[in-house]
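Visitor: Hi! Could you walk me through this one? I'm new to reading structures.
Guide: Happy to, let's have a look together.

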Amino acid sequence: MTEFYIALAAFLAAHLIPASAGLRSSLIATVGRTAYLSAYSLLSLGLLAWLILAAQRAETVLLWNPAPWQWHVPFLAMPIAAFLLIAGLVWPNPLSISLRSGGEPGPIVAVTRHPVLWGFLIWAASHIPANGSLVAVLLFGGMAAFSTLGFFLLDIKACKRMGTERWHARSSGTSNVPFMALVQGRASWTSLRPLMLPALVAMVAYAWFVLQGHALLIGPDPLAGLLAMR
């Protein structure tokens, strides 16, 4: 458990410290956005891999025995999470997290201005019911809480960077809560057409992950577990 606690703290610190201390802006100014994002992505992946391995090696303390219905939760939620993550990363989004730079937000902001954070939140929250161990609750609960905190931190950062008037102008056609801007008429449903390709990629990635990727990269086979619960 000690290794797991250290790995979890290191992962969260690597994402909180640069933002809170203003190190991100300084590093981008020094090495450039592309170099910073590449190095930071590698660091994040390395810490995530360590966290997963530490969780697998940690002591199993069972808090509840997952019921069959609980196993269905991640299967239903993960296609949505995969779409938000992929679409959020490939389209420019100066209001939130993205791998692409650009002055104008992409069409994904019509769904939500924080698609990547919502993807992580849905991923984390949906995995809690199907995993009844203490480590799983701490891991996924911590990720869910971290993603939720990110909504407010990124809004504050973007507003400070752009200025209040410009931020309001850019964010007027979007919302934090998914689909709220579309329902309220502040965004057009036709603006979602360019998202068809990311949605297709997300479905292919999800299918591969369920059939092979999860067992290959993470360890447990979710499909075998689901079938065993019947």
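**Two helices side by side**

Guide: Let's start with H4 and H5, which are roughly antiparallel to each other. Keep in mind that this is a predicted model.

Visitor: At what angle do the axes of H4 and H5 cross?

Guide: The axes of helix H4 (residues 68–90) and helix H5 (residues 115–127) cross at roughly 160°. That is over 145, so the pair counts as roughly antiparallel. The axes come within 7 Å.

Visitor: And is the crossing left-handed or right-handed?

Guide: The crossing of H4 and H5 is left-handed. Among the residues making the contact are Ala-77, Leu-84 and Leu-85 of H4, and Phe-120, Ile-122 and Trp-123 of H5.

Visitor: How many of the contact residues are nonpolar, polar or charged?

Guide: In the contact of H4 with H5 there are 15 nonpolar residues, four polar and no charged.

Visitor: Switching to rings: how many aromatic pairs are there?

Guide: A search of the whole structure gives six aromatic pairs. In one, Phe-4 and Tyr-5 have ring centres 5.9 Å apart and planes at 55°, so this pair is tilted.

Visitor: Is Phe-4 buried or exposed?

Guide: Phe-4 is buried, at 0% relative accessibility. Tyr-5 is partly exposed, with 42%.

Visitor: Which residues form an aromatic cluster?

Guide: Phe-120, Trp-123 and Phe-140 form one. Phe-120 and Trp-123 also take part in the contact of H4 with H5.

Visitor: What about the phi of Phe-179?

Guide: Phe-179 has a positive phi, near 70°, and is not a glycine. Most residues other than glycine have a negative phi. Phe-179 sits in the loop between helix H7 (164–171) and helix H8 (180–183), and is partly exposed at 38% relative accessibility.

Conventions
Residues numbered from 1 in each chain as written. Predicted model: local features only at pLDDT ≥ 70, side-chain atom pairs only at ≥ 80, totals over all residues. Heavy atoms only, no water. Phe/Tyr/Trp six-rings, centres within 6.5 Å; stacked < 30°, edge-to-face > 60°. Buried < 20%, exposed > 50% of the residue type's maximum accessible area, 1.4 Å probe, protein only. Helix = DSSP H or I, 4+ residues; strand = E, 2+ residues; numbered from the N terminus. Axes fitted to C-alpha atoms, helices over the stretch in contact; angles between N-to-C directions. Parallel < 35°, antiparallel > 145°, perpendicular 65-115°, else oblique. Left-handed = near helix turned anticlockwise from the far one by under 90°. Contact = heavy atoms within 4.5 Å. Nonpolar A, V, L, I, M, F, W, Y, C, P; charged D, E, K, R; others polar.
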